[in-house]
Amino acid sequence: MEINIEDNFSLLFDKNNNMAYKALQALQKECEESDKVYCYMDRLADMMDNDNSYIRTRGLTLIAYNAKWDKDNKIDEIIDKSWKKLRHCLRRKYFRHIIHWT
């Protein structure tokens with residue numbers, strides 16, 4: 001059965017977590033069978049910046065499910081970007097910690 005990828009992708013952001021989870025499961029199944037979700041990699045990467053941890057997790061999950069289709073090395077770019085953000089956050093936290101001790 002063919003799924004509507006765009007509709008399911010939109011549902012990943014639904015406030016109803018049960019609906020969003022069902023959409024995630026449908027997209028995961030699609031990722032196992034084809035590369036049709038791979039064209040959404042940039043949007044999945046953007047989900048990593050979302051304030052909602054559920055949405056971030058859904059994005060990360062689908063990025064992982066698309067690893068076998070990653071012919072453009074987009075996952076490497078996503079990892080590099082994420083590490084840069086993490087390093088920046090850790091440095092800021094570290095320097096704030098030092099300032100509080102002085």
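Which residues of α2 are buried? Keep that in mind as you open this predicted model.

**Stop 1: helix α2**

Select α2, residues 17-33. Its buried residues are Ala20, Ala23, Leu24, Leu27, Gln28, Glu30 and Cys31. They span an arc of only 160 degrees around the axis, so they sit on the same side of α2. Now turn to the face directed away from that buried side. Asn18, Lys22 and Glu33 are there, and they are exposed.

Next, pick the end C-alpha atoms of α2. They are 24 Å apart, which agrees with the 24 Å that 17 residues should span at 1.5 Å a residue.

**Stop 2: the aromatic rings**

Select Phe9, Phe13 and Tyr40. Ring pairs link these residues into a cluster. The whole structure holds 2 aromatic pairs. One of them is Phe9 with Tyr40, a stacked pair with 4.9 Å centre to centre and 25 degrees between the planes.

Colour by secondary structure here. Phe9 belongs to helix α1 (residues 5-11), while Tyr40 is in the loop between α2 and α3 (41-47), so the pair ties together parts 31 residues apart in sequence.

**Stop 3: a surface patch**

Switch to a surface view and select Ile79, Trp83 and Leu86. Together they make a nonpolar surface patch of about 290 Å². Finish on Leu86, which is in helix α5 (residues 74-101). Leu86 counts as partly exposed because its relative accessibility is 38%, between the 20% limit for buried and the 50% limit for exposed.

How values were computed
Residues numbered from 1 in each chain as written. Predicted model: local features only at pLDDT ≥ 70, side-chain atom pairs only at ≥ 80, totals over all residues. Heavy atoms only, no water. Phe/Tyr/Trp six-rings, centres within 6.5 Å; stacked < 30°, edge-to-face > 60°. Helix = DSSP H or I, 4+ residues; strand = E, 2+ residues; numbered from the N terminus. Patch = residues over 30% accessible without salt bridge, like charges linked within 9 Å, V, L, I, M, F, W, Y side chains within 5 Å. Areas by Shrake-Rupley, 256 points an atom, 1.4 Å probe, with all protein chains shown as cover. Salt bridge = Lys/Arg side-chain N within 4 Å of Asp/Glu carboxyl O. Buried < 20%, exposed > 50% of the residue type's maximum accessible area, 1.4 Å probe, protein only. Expected span 1.5 Å × (residues − 1). Arc of directions from axis to C-beta.
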